[in-house]
Amino acid sequence: MNEGYILQVSQLNKAFWGVIAVFNVSFELKKGDFLGIIGPNGSGKSTLLNLITGFVRPDSGSILYCGREISAKKPHSIANLGIARTFQMAKAFYRMPAYKNIIIPLCSARARQFRGGVYGERDDIAMDLLEEVGFDRSSGVPYKLTSSLPHGYLKRLELARSLALRPDLVVLDELFSGMSMAEVAGTLPILEKLKERGTTLLMVEHRLKELFRVANRVIVLNYGRKVADGSPRDVMEVEAVKEAYLGSE
Amino acid sequence: MDVIVYGLVNSMTLALMAVGFSFVFGISQISNFAHGAFYVLGSFIAWGFYSVLGLPYPLVVLFTIISNGLLGAFLFWVVIYRLRGQPILEVIASFSAGIAILEFFRWVGGTGYFFNLPTFFSGSIDIGDVTIDYQRLAICAVAILSVGFLTVFIHHTKIGLACRGMAQDEETALCFGIDSDQVAMISMAIGAALVAVATITITPIGFISIDEGYQVIILSLAVCVVGGLESIFGVMVASLILGFSQTIVTTYIASNLLMIVPLLAILIVLAIKPSGLFGKFKELEERV
Amino acid sequence: MKNRKERIDRGIKARTDDVYAVSGPKEISYILFPRMLLVLGLIISSILANEYWQEVIVSACLIGLLAVSWTLLTSVGLVSLGQALFVASGAYIAGILNYYLNWPIFITIPTGTFVGGAFCTFLLMPVLRLRGIYFSMVTLILPLTIGKVFEALHILGGNDGLSGLGRFTNSTVTCFLAVLATLGCFFGMRRLMATDYGLVFISIGDNDQAAMSGGIDVYSRKNQNVFLAAAVGAFVGAFITHWIGFVGTPAFALDYSILPIASAVVGGIGSQAGAMVGSFIVVPLAEILRTLGGIRMLFYSLALLVFIILLPEGIFKYLERKYHQFERRVKVE
């Protein structure tokens with residue numbers, strides 16, 4: 001019944017004071033999938049991510065994670081169950097050196113299961129994770145105050161922070177926005193590696209070319225409704241999708 | 001019967017005190033803990049214009065409102081402006097500015113029956129078997145006018161909308177061409193002017209009292225916590241609740257229990273609906 | 001030919017930042033000097049001072065503790081406008097236990113500390129779910145209104161309070177105890193903030209949503225933070241009760257809320273050391289100004305305002321900078 005489905009979203013609805021953000025959205029994710037969520041601005045993509053990760057409570061509908069209902073859970077509980085996320089506007093801890101950002105999730109309840117989480121050990125794990133997302137350990141950048149880092153670095157820092165939880169599902173909200181071509185090219189292999197390891201990924205993106213290279217499935221949202229669901233190629237052929245992006249004749 | 005009348009008067013008094021604070025703090029979201037200080041400041045200014053300079057009363061009213069407004073704007077420029085965007089500092093700075101003003105008046109000797117303001121009209125009227133003086137009726141009228149004015153202002157004038165926009169998302173407001181510093185300054189000026197109206201109307205009943213300044217900020221905060229920070233309607237409702245509760249308690253239980261009402265009201269609201277009766281309840285997470 | 005100011009870390013600072021810190025007496029003393037100044041300075045002055053100045057030292061220590069507690073709250077982004085609430089809790093609990101149950105001082109003070117801290121935490125729990133500004137509003141209102149209610153209903157003696165309570169043996173003992181407690185708490189807090197536990201506090205203050213997405217139970221951590229801060233405040237209250245042998249509505253005084261903030265601002269917001277330095281500047285100065293009459297509150301609030309606007313980094317940060325770095329004028333290339 002629920003075998004293999006890591007995420008099951010059914011009939012999800014959310015309206016903010018009369019404005020419908022998400023309307024009857026349903027989809028399923030199998031373990032190891034790489035799902036892309038695309039759609040024009042205002043189509044409810046970020047709201048959908050916020051619903052899944054617990055930052056917004058749905059008006060109705062259910063979200064099952066490995067068979068458990070998570071729609072009413074708080075964000076930190078959802079994170080501790082194995083869903084990690086990044087934010088569209090990179091949210092970093094500015095008052096500390098960059099690498100210490102990674103230590104925070106290593107202090108969570110989940111991290112204690114995986115790594116023992118002994119004080120002192122966390123510094124090494126943080127540096128390892130930073131290397132994984134492309135920071136150069138010897139460059140001194142990890143030790144710089146986070147408030148001095150440029151946007152692209154902050155985005156990669158977000159990614160490293162999400163990986164610190166050793167998540168089973170990674171939710172990415174416009175990870176590539178604000179990144180240069182080089183940075184995107186450097187980040188794609190990391191996502192591929194995650195895919196190989198069996199991590200499920202859910203990614204909202206506007207940069208379709210890069211997304212289609214890694215995603216095996218795409219959902220299109222328009223005005224809060226799901227208008228297409230399939231492989232990247234199939235989805236781009238759907239009339240409704242072309243309408244959504246380009247407008248009707 | 002008299003409980004109803006006095007309760008109503010008390011409620012209107014609270015509303016009048018709190019409405020300026022609710023506008024600056026609730027609607028424009030500027031920390032304005034100097035609100036009580038401006039209440040007392042306004043009354044001293046009025047006293048100065050009237051008793052020292054001997055100006056005719058209508059002019060006194062006009063000048064006081066304008067002066068208070070200007071001083072509110074001045075406080076913004078000197079203190080708040082430099083700290084915009086750092087909420088911790090804004091709170092501390094407005095809080096200490098308020099205390100500095102109040103304690104300054106205490107230090108220069110602004111205490112005593114000597115400092116008082118004249119009433120608008122003398123005489124009283126009988127409603128049923130209750131005698132109510134015209135000044136207290138004036139409070140009710142002015143309170144309703146103020147709340148009405150503010151509601152219209154917030155929803156139907158450009159500046160009012162600018163205040164709300166600035167409070168919701170300052171960056172977006174800037175993109176729309178709203179100079180958030182100017183709007184914030186105007187908000188504080190209006191808030192100070194409103195509290196000047198309040199003090200001119202309310203103080204004549206007693207006399208100028210510096211401890212009243214502390215009372216005003218406590219009561220205004222209580223009204224906002226109970227009613228909900230972002231809602232003028234909430235201010236009205238909360239004023240009615242607190243006003244009537246206070247009157248009932250002081251009449252039937254004990255006359256010195258005045259301050260227990262706001263305290264209990266806050267504790268109850270925090271336990272049941274922390275964001276206030278009409279506050280838009282946003283859990284910490286939902287600010288995404 | 002234009003010049004610009006350049007700030008460079010002193011050589012000795014660069015050396016002591018790393019393992020070379022123990023390479024020689026000069027380096028070791030560079031690190032130890034400020035700390036020894038504080039520790040020895042406090043201990044020696046409490047021995048040498050006369051009774052009047054011992055009392056000033058005790059006041060400065062207690063306000064310093066309240067400022068340290070206040071700073072701990074700012075690390076998670078909470079601004080307390082009512083440290084007096086914590087003080088009154090500890091004061092009354094210690095006073096009640098001593099007055100009605102005749103418990104000795106060395107039991108009432110710890111009990112007052114922990115029970116007072118727990119009580120305040122419980123009281124403030126609902127507010128922690130909301131935006132930070134609610135915490136400021138409630139901490140402002142609670143001590144002022146509760147104090148007035150105690151006064152009106154003559155609860156626990158009202159203004160007259162409970163008197164004749166147990167006191168410390170003499171003023172030197174009081175001074176020593178205060179100094180010891182202060183040093184212990186100060187260094188303990190610094191240690192705490194340097195660990196990962198303290199780091200999580202700072203992360204919550206910086207961006208609580210990012211912390212949530214990292215699996216941190218922000219609500220629970222905030223409660224823990226408030227408990228620690230409230231316990232320190234309650235300790236101050238309990239200490240004062242047995243210092244003056246009395247507890248009453250003056251425990252709710254606005255002074256206990258303003259002075260710590262003034263100290264922290266003057267010394268430098270955000271650092272425990274700044275809070276301590278600030279209180280040892282503000283409190284003695286206020287003592288000296290006592291002769292001018294009711295100017296105390298005016299002085300504190302004005303000092304607060306001036307520093308917040310003109311020198312927000314505070315005196316401690318300024319001194320720290322001078323200690324660690326030197327400036328020179330350099331030609332602009």
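Against which helices do the buried residues of H5(A) pack? The model is a predicted one, and the answer involves two chains: helix H3 (98-106) and helix H6 (151-163) of chain A, together with helix H8 (196-206) of chain C.

## Helix H5 of chain A

Helix H5 of chain A comprises residues 121-132, twelve residues in total. From its first C-alpha to its last the helix reaches 17 Å, close to the 16 Å expected at 1.5 Å a residue.

The buried residues of H5(A) are A:Arg122, A:Ala126, A:Leu129 and A:Leu130. Because they cover an arc of only 100° around the axis, they lie on the same side of H5(A). An α-helix has 3.6 residues a turn, so residues three or four places apart point the same way. On the other side of H5(A), A:Glu121 and A:Asp124 are exposed. Just after the helix, A:Gly134 adopts a positive phi of about 105°.

## The antiparallel sheet of chain A

Chain A contains an open sheet of four strands, in the order S2-S1-S4-S5, with antiparallel pairing. Strand S2 (19-30) and strand S5 (68-69) of chain A form the edges, each pairing on one side only.

Strand S1 (residues 5-16) of chain A runs antiparallel to S2(A), and eight bridges join the two. A:Phe16 stands opposite A:Val19, a residue of S2(A).

Two residues other than glycine are considered here, one from chain A and one from chain C. A:Glu174 has a phi near 50° and is placed in the loop between strand S7 (169-173) and helix H7 (181-197) of chain A. Is A:Glu174 buried or exposed? A:Glu174 counts as buried because it has 20 C-beta neighbours inside 10 Å.

C:His154 has a positive phi of about 50°. The residue lies in the loop between H6 and strand S2 (162-163) of chain C. With 12 other C-beta atoms within 10 Å, C:His154 is exposed.

## Overall form of chain C

The secondary structure of chain C consists of 14 helices and four strands. Along the principal axes, the C-alpha atoms of the chain fill a box of roughly 75 × 55 × 40 Å. How does the radius of gyration of chain C, 21 Å, stand against that of a compact globule? A compact globule of 333 residues would have a value near 20 Å, so the value for chain C agrees.

Of the 333 residues of chain C, 51% count as buried. Among contacts in chain C between residues at least 6 apart in sequence, 78% join residues at least 24 apart.

## The interface between chains C and B

Chain C contributes 36 residues that are in contact with 37 residues of chain B. On the side of chain C that touches chain B, the elements that give two or more residues are helix H6 (132-153), helix H9 (208-213), helix H11 (255-267) and helix H13 (296-310) of chain C. H6(C) supplies the largest share of this side, twelve residues.

What is the composition of this side of chain C by class? The side of chain C that touches chain B has 26 nonpolar, seven polar and three charged residues.

Note on methods
Residues numbered from 1 in each chain as written. Chains lettered and ligands numbered in written order. Predicted model: local features only at pLDDT ≥ 70, side-chain atom pairs only at ≥ 80, totals over all residues. Contact = placed C-beta atoms within 7 Å. Nonpolar A, V, L, I, M, F, W, Y, C, P; charged D, E, K, R; others polar. Expected span 1.5 Å × (residues − 1). Arc of directions from axis to C-beta. Rg over C-alpha atoms; globule rule 2.2 N^0.38 Å. Pairing = 2+ DSSP bridges.
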